[in-house]
Amino acid sequence: MSASVLTVRGLCKNFGALAVTQNVDLDIAAGARIGLIGPNGAGKTTLVNLLTGMLTSDRGEIALDGARIERLSPEHRVRRGLVRTHQINTLLMELTARDNVAIAVAERRKFAWRLLRYGPQWRACVEEAQTYLEEIGIAHAGGRRVSLLPYGEQRLLEIAIALSLKPRVMLLDEPGAGIPSTEAHLIHEALERLPSEVSIMLIEHDMDLVFRFAKDIVVLVLGAVLTRDVPARISVDPRVRSVYLGRSVV
Amino acid sequence: MSEIARAPASLSPPSPLWHALPWALALGFFFVGDGYHSLGVNILVMILFTLSLDLALGYAGIITLGHAAFFGLGAYAAGLFNIHVDNDPLLGLAFASLLAAAFGLLTGMLILHTKGETLLMLTLAISEILYEAANHMRWLTRGDDGLDGIRPGPLLGLFRFDLWGKTSFLYVLAVLFVCFVISWRVVRSPFGRSLDGIRQNSRRMRAIGTPVWWRLVAMYALSAGMAGAAGALSAQTARLVGLSVFQLLTSGIVAVMLVLGGERRLYGAFIGATIYVLVQDIAGAINPFYWMFVIGVLLIVIVLFFEGGLMGVIDAARAKLVRKKASGEAK
């Protein structure tokens, strides 16, 4: 097992009397492919929000590459390489797909404070942006306004933007949400193409997608980690089965 | 409507000819507009003020009803600088702009973590505070008597300000041109694009690591500096500053000009301010109440039926023309 990139110890969060995250310990190794599953209300999105700093934790430690980050603002965590995508699209709908990515590239390359002299820098950002669109398989959509793109391509664009930030760890919050089942394979193919050195945690309701993608699955129930194991053993775990009300998870 | 017409102006590159048009018109006016140069100066000053609001409200989405604070601060700063320090107009202009920008930076840091109604009220409150301060500091501002005795020296030590406003006209036009070029560059810069992103979806921008608050503060300060420059030009050319510069009405008028002309189009400020001042002047000469009515009706029609203001209408017509040309060539 290689060294852990993201380490979480004893993470807790309460909303009033409701404990939405209870003593979560989590290790994400370099290049990991982790699936995070759990029934509705298990606190999956809350956990992502705590990791990325959208919410502040009540207790616990989060370390990225050995440095504590639990008190950093969301944007500082992003700059250190902890990047997420959102369950609901948060794209700049009035701009082209390519500009959406280029703005992120400009931010990463620290060009975003340039006001008057920026021609070559911005062109470099746009060119680099196109490479991420190609990588994720939507190169053809680069010049189109995001509001005119099909929903599936908008979801892929979210991933392309996250990728353009050169993350160490990517948290993908339901990338397949709202996509018709006929297009689900596009998401899967895009995920397969993500660089192998990037650690990825996938939060997803589509069990098919999770079990095909993840090498390791974390089951979250009532804000606590129930178990963590390889997909083959998770699918036969009686506790996991009972959590999902006896339904088969694969 | 077509994709092109709805796109912000930054997406459709206009031809150089199109760019030359407003400046050629302004220069042409300089040669034939005898007797109306003062009116022209008024228009140019308001264009600059509206342009500054477009940066903050249009591009960065900073909801404000307090831009009069910076205009007024610039006006008083330039006036007082002229009376007490030095009568060089450019020095006064620089001083006033920097002071307004610094004030924008400071107040921006205090209020730009809020948005919506809270922000609206805070911007309004800040301009009201300045109004009261100017009203009570009679020893400095002369209160409601207004600050007079502003006598700017010759421009660059060479060109005296004449009674008819010819020097003023070229002076203000030159400053407007510089500010316009800066604005044009800034809204297309990575910086400007990130602010456009913040306006559209600040959550997205946080997710890519943008320091949203600092970005907004920087744009607000830039916009404040430009509004301050407009105020300074107004003081130097009118040679008088009244308390009304700080009034809510001043902030309201500039917002109306921007919406009339069209937000996020830069040239929208040119059209909106020109139409407003002309209607005020022409209709106001016929009947002092009539012009408000004309502006009101115009505003309602524009807001209800034309996305992107008058400039939006022009953009749409241009897009149509381009398509017609393209289909004509295809045949």
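Predicted model: local features only at pLDDT ≥ 70, side-chain atom pairs only at ≥ 80, totals over all residues.
**The interface of chain A and chain B**

On one side of the interface stand 30 residues of chain A, which are in contact with 32 residues of chain B. The size of an interface is often given as the accessible area lost when the parts come together. Between chain A and chain B the buried area is about 3000 Å², and carbon and sulfur atoms give 59% of that area.

Polar contact joins 13 residue pairs between the two chains, counting pairs with both residues at pLDDT 80 or more. The elements of chain A that give two or more residues to the side touching chain B are helix H2 (74-79), helix H3 (97-108), helix H4 (119-136) and helix H5 (151-164). Of the elements of chain A, H3(A) gives the most to this side, with five residues. Four salt bridges are found across the interface, and in a salt bridge between A:Glu107 and B:Arg215 the side chains meet at 2.9 Å, N to O.

**Two helices of chain B**

Within chain B, helix H5 (residues 89-111) packs with helix H11 (residues 212-238) at an angle of about 145°, and their axes are 7 Å apart. The crossing of H5(B) and H11(B) is right-handed.

The table gives the residue classes for the two contacts described above.

Definitions and conventions:
Residues numbered from 1 in each chain as written. Chains lettered and ligands numbered in written order. Heavy atoms only, no water. Contact = heavy atoms within 4.5 Å. Buried area = accessible area lost by both parts, 1.4 Å probe. Polar contact = N/O pair within 3.5 Å; in protein donor to acceptor, adjacent residues only side chain to side chain. Helix = DSSP H or I, 4+ residues; strand = E, 2+ residues; numbered from the N terminus. Axes fitted to C-alpha atoms, helices over the stretch in contact; angles between N-to-C directions. Left-handed = near helix turned anticlockwise from the far one by under 90°.
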